[in-house]
Amino acid sequence: MSHVVIRAENVSKRYRLGAIGTGSLVSEWNRYWARKKGKEDPFSKIKVGGHVKPAEVADINEFWALRDVSFDIKSGEAIGIIGKNGAGKSTLLKILSRVTLPTSGSIKVRGRIASLLEVGTGFHPDLSGRENIFLNGAILGMTKNEIVRKFDEIVDFSGVERFIDTPVKRYSSGMYVRLAFAVAAHLDPEILIVDEVLAVGDADFQKKCLGKMGEVAGQGRTVLFVSHQLAAVRALCNRAIVMEKGTMKFTGDIEKGIEKYLENKGQIGAGLSIADRKRDSNLSLIAKIIDFRIITPDGVNPEFLDATMPFQAVFTIQSYEEGARVGTQFIIADDIQNLVLIDSGSVHGKIYKLPMGVSEVSCVVAPTFLAKGDYHIDLVLQLHNQEGIDRVTEAYRFTVPYMDPYKSGYNIDKNHRIGLFHVDHQWDDAMHLGSI
């Protein structure tokens, strides 16, 4: 039977903005009396002018990274902590790892913790990889015999065997994090805490790390994972804590947590021009995308798309030179960046020779049979040699509200982890083969 291994009760963390100390007793005394009299901190770089109340001075010079966060985590749970930059995720992990103390509230932890919060945490740059394994292992609570017993396994997992006797100051950031994660993961902790640092590693190592964290969780131990890679969070975790501006917005099922995190992204519709959207453009200005729209049997630029119906994708392109040879491409991905479809005119041999000025290029797309969920379309404009010259990220967003192609009453929902789209197929009736 699982039991609570982490309990947070009304945890808050406050930081003071500007200079922390003045360097002299006299200056600190002047700062103290200014605060008592309701005046500005004479040493603060944040100036407001006039006479303010002491409480207002505190508000001006303080930042609350966390406010009244409470939750329980049980053994064997894999928790994804998600939220925007500045939401308080890393501060929360530092408190859980006992790197810093909360300003108020309490944290109770039961079990040995291994944490990886920053690249090279606990490493000394002048020591070799071998020496840092023993140093970092000791910091994390491993005995010398335990480190010796697991040394070869740690080195093999990290993939830095060739450089194990080289000072780690000569390691790349990827090598740093691989070795640090290998040590932390082989501590056999009751609780493994991992921040976004895995983003430094390559794809193979990220896959290996996710596998190791899944193995830890599968052994009845607890994993806390902070990442902006929602697909990885969904694959590993069964529960989510959603942070927003230092407060806990949601805790519960991972699918509902991701949905809660994404609910404020909103729809990018016809009201926002392509020019205002995030894009990556080559400054040669041979040509660029100036508009994009979807045409369906039900209307133009629909917010909700019937995935059982075809649609037409229409590019409007501005060419800055006569006879510009370009190809078009659109990419459909879901809300956590799972790639669903890439369709390129180049695949069909369609390279357009455009006159100077404005032209339209369109493509008719057969029914996609996308599962219920939220999706977006990225647009790419390429030269005839497939060099990209313009890319518009999230040029268009849409929702597939319901997916029941056979009218069977079964809604195909990607949040049920049954795939991103449906392939049309037909089941035959059962055939009786006789008695056994």
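Because the model is predicted, local features need pLDDT of at least 70 and side-chain atom pairs count only at pLDDT 80 or more, while totals for chains, interfaces and linings use all residues. Residues are numbered from 1 along each chain as its sequence is written, and side-chain values use heavy atoms, with hydrogens and water left out.

Side chains of opposite charge can pair when their charged atoms come close. The structure holds 11 salt bridges. A salt bridge is a side-chain nitrogen of Lys or Arg within 4 Å of a carboxyl oxygen of Asp or Glu.

One of them joins Glu146 to Arg112, with the closest N and O atoms 3.4 Å apart. This pair links distant parts of the chain, 34 residues apart. Glu146 sits in helix α5 (residues 144-158), and Arg112 in the loop between β4 (104-109) and β5 (113-116). Helices (H or I, at least four residues) and strands (E, at least two) are DSSP runs, numbered from the N terminus. Glu146 counts as buried, at 11% relative accessibility. Arg112 counts as partly exposed, at 26%. Buried means under 20% relative accessible area, exposed over 50%, and partly exposed in between (1.4 Å probe, protein chains only). A network of salt bridges links Arg112, Glu146 and Lys150.

Asp126 forms a salt bridge with Lys169; the closest N and O atoms are 3.1 Å apart. Asp126 lies in the loop between β5 and α4 (129-139) and Lys169 in the loop between α5 and α6 (173-185), so this pair ties together parts 43 residues apart in sequence. Asp126 is partly exposed, with a relative accessible area of 46%. Lys169 is partly exposed too, at 49% relative accessibility.

Lys249 and Glu244 also meet through their side chains in a salt bridge (3.3 Å, N to O). Lys249 is partly exposed at 26% relative accessibility. Glu244 is partly exposed at 35%.

Cavities were counted on a 1 Å grid over the protein atoms alone, a cavity being a set of points where a 1.4 Å probe fits but cannot get out. Grid points are joined across faces, edges and corners, and a volume is the space filled by probe spheres set on the points. The count comes to two cavities of 30 Å³ or more.

Terms used: On a 1 Å grid over the protein atoms alone, a cavity is a set of points where a 1.4 Å probe fits but cannot get out, and a pocket is an open set with protein on both sides within 12 Å along at least five of seven lines; lining residues have an atom within 4 Å of a point.
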